[in-house]
Amino acid sequence: MAASKSGQTGKGELALNYGGSTLDRKEYLVNNEFMSDVVFLVGSKQKRRIYAHKLFLIAASEYFFAMFNGNFRESSESEIVLADVEPEIFLEILRFVYCGKIELTFGNIHEIYIHSRKYMLTELLAMASNFLERSINPENVLKIFTQNRFYGFQFVDEECLQLICKNPLYYFNHEEFALIDRESLSLIFSSKKINCTDDQLMGALDIWEKNHDSESVDELKSIIKNSKRSYDCYKLRLFGTSSGSEPNDFGFSITSETIVQMFGIGVFIKSAAKVISIDVKIWENDIEVRYDQFEYENDDFVTVDVANLFFEQLELTPHHRYKISLNITPTMEPFTIQNPKIHHDRIKMSIANVMYGRCDSTFCAIAHLHCKERMPKLKK
């Protein structure tokens, strides 16, 4: 005989399929009146009768052990009112108690978490945290990171921050960024490693402040100004003979099989201007894939400086041709590297200014690339 789905009120009949699994038979008993010795009246408004078996509940949780064996009023009552939980949530919890099964979704995870804590269901709490961790991806990370202020799972924060801080400019421009709470924003700004400059963090704060105009941002500004940070990537430095020649476009390709994530570049600056405008264009196989404009405040008038320019993550595919061109205003004194080369154990790069079918000498104003290898994601 086929067992009915759990959550349907039984009629005092036992229709177990003994050819099936023990778990299936236990699931059949969820909200089944057969041999039930307790009834829960569940719901904040209209109460729903849900049948249960004390032995299952006591075996699962100290909370229910105390309820039915202590000096509580419920220990002697056959009907117990639960007004703080909705029937659908309580039935999911009962299904877990009876047979270890539960269907977790973003729609019910909040309530499941609350009541699994109340009922002292530690295994279910662990399942809820694992659900959140498995669900983190680049598209929903801001949402999960903000939700985790309620749950407080440290490893969820760590994984979310790793994604956000690796590609922060993408998230600063995301529609959900302006809606995150103050504590979440503070955690981002306090990160020890993040791929952007202080000015870009201030720009992100401006975006957030427009949607939270009633809040003071002085403390957040102080975090940006006073925190010591580094970049969540490495500098793929370019080496070569220094030169005063006019820079060419920087052409290169990845000749190894390593997929490289690029987050920005360092550009040599030698100018007496206080503010320098830098336009950066990047092509992949002759198709423009990035265009960014930067305003660089130049503090070093008498020496060569390097402007770190960060943009949204760009994934560099092996054996594709890339070109980076710079337009710097006002025109500055040229400082370049001649025939640049890189040194890295796994990333191999071919660098050449290819014009008219031949390779000319490359005079590059780029000092380094802010990069990180794309590591394969471990299965959870």
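I started with the aromatics, where ring pairs link F40, Y63, F64, F68, F90 and Y119 into a cluster. My criterion for a pair was that ring centres of Phe, Tyr or Trp (its six-membered ring) lie within 6.5 Å, with planes under 30 degrees apart called stacked, over 60 edge-to-face and the rest tilted. Over the whole structure I found 20 aromatic pairs.

The model is predicted, so I took local features at pLDDT of at least 70 and side-chain atom pairs at pLDDT 80 or more, while totals for chains, interfaces and linings use all residues. Residues are numbered from 1 along each chain as its sequence is written, and side-chain values use heavy atoms, without hydrogens and water.

**Charges over rings**

I next looked for NZ of Lys or CZ of Arg within 6 Å of a ring centre and within 35 degrees of the ring normal. K143 lies over the face of F106, 5.6 Å from the ring centre. R149 has its charged end over the ring of F145, at 4.8 Å from the centre.

**Cysteines**

I searched the whole structure for disulfides (cysteine sulfur atoms within 2.5 Å) and got 0. C165 is in none, and its nearest cysteine sulfur, that of C196, is 7.9 Å away. C165 is buried at 3% relative accessible area. For the accessibility classes, buried means under 20%, exposed over 50% and partly exposed in between, with a 1.4 Å probe and protein chains only. C371 is in no disulfide either; the sulfur of C233 is the nearest, 7.5 Å away. C371 is buried too, with 0% relative accessible area.

I then traced an open sheet of 4 strands, order 4-17-7-10, paired antiparallel. Its edge strands are strand 4 (234–237) and strand 10 (305–316), each pairing on one side only. Neighbouring strands are turned by 30 degrees against each other on average, direction ignored. Strands here are DSSP E runs of at least two residues, numbered from the N terminus, and two of them pair if DSSP finds at least two bridges. The axes are lines fitted to C-alpha atoms, and angles run from 0 to 180 degrees between N-to-C directions. Strand 4 is joined to strand 17 (residues 366–373) by 4 bridges. I checked R237: its bridge partner in strand 17 is H368.

**F294**

Buried or exposed, I asked of F294? F294 counts as buried, at 11% relative accessibility. I placed F294 in strand 9 (residues 287–297). Beyond its neighbours within four places in sequence, F294 has contacts including Q200, I276, L309 and F310, contact being heavy atoms within 4.5 Å. F294 and A307 are 13 residues apart in sequence, and their C-alpha atoms are 9.9 Å apart.
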